[in-house]
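The stops below are meant to be selected in order.

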Amino acid sequence: MWIEDGARHWPDRLAVVDEGRGEAGRFTYRDLNDRANRLATWLRDTAGVGRGDRVGVLALNGVEALDALFACARLGAVFVPFNWRSPWRELADLIALTGPTALLYTAPFQ
């Protein structure tokens with residue numbers, strides 16, 4: 001996976017800037033790789049996600065969406081992003097239709 005390669009070759013090089021977080025939103029390749037590993041471990045061990053399972057994601061544009069994408073890739077799971085602008089009834093229908101094993105969401109969507 002390219003994020004793992006980036007962490008190996010350029011661990012301290014800036015990979016992503018999440019403007020919504022200010023100075024705390026600067027992530028190196030090592031940071032992104034570590035975040036993806038932690039989330040993949042949690043998805044596998046706690047949420048029971050395995051190869052081919054769907055993981056729904058309802059999040060604003062930010063580093064959390066990348067965390068989920070890379071974690072799913074690591075597990076061989078299917079990343080299913082939901083549009084946070086969709087009305088709640090539409091989201092409920094889409095979630096029911098796709099049947100994710102886990103649904104990840106950020107604070108605004110609790």
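Predicted model: local features only at pLDDT ≥ 70, side-chain atom pairs only at ≥ 80, totals over all residues.

Now step back and select helix 3 itself, residues 63–75. The helix has 13 residues, and from its first C-alpha to its last it reaches 19 Å, close to the 18 Å expected at 1.5 Å a residue.

Colour the buried positions of helix 3: Val63, Asp67, Ala68, Phe70, Ala71, Cys72 and Leu75. As background, residues three or four places apart in an α-helix point the same way, because there are 3.6 residues a turn.

What do the buried residues of helix 3 pack against? Show helix 1 (2–9) and helix 2 (29–45), then strand 2 (26–28), strand 3 (54–58), strand 4 (78–81) and strand 5 (102–105); the buried residues pack against these elements.

Next, select valine 63, which is in helix 3. Valine 63 counts as buried because its relative accessibility is 0%, under the 20% cut-off. Setting aside neighbours within four places in sequence, display its contacts: Asp18, Arg21, Phe27, Leu32 and Arg35.

Last stop: threonine 106, in the segment after strand 5. Threonine 106 has 15% relative accessibility and so also counts as buried. Beyond neighbours within four places in sequence, threonine 106 is in contact with Leu58, Ala59, Leu60 and Glu64.

Methods. Residues numbered from 1 in each chain as written. Heavy atoms only, no water. Helix = DSSP H or I, 4+ residues; strand = E, 2+ residues; numbered from the N terminus. Expected span 1.5 Å × (residues − 1). Buried < 20%, exposed > 50% of the residue type's maximum accessible area, 1.4 Å probe, protein only. Contact = heavy atoms within 4.5 Å.
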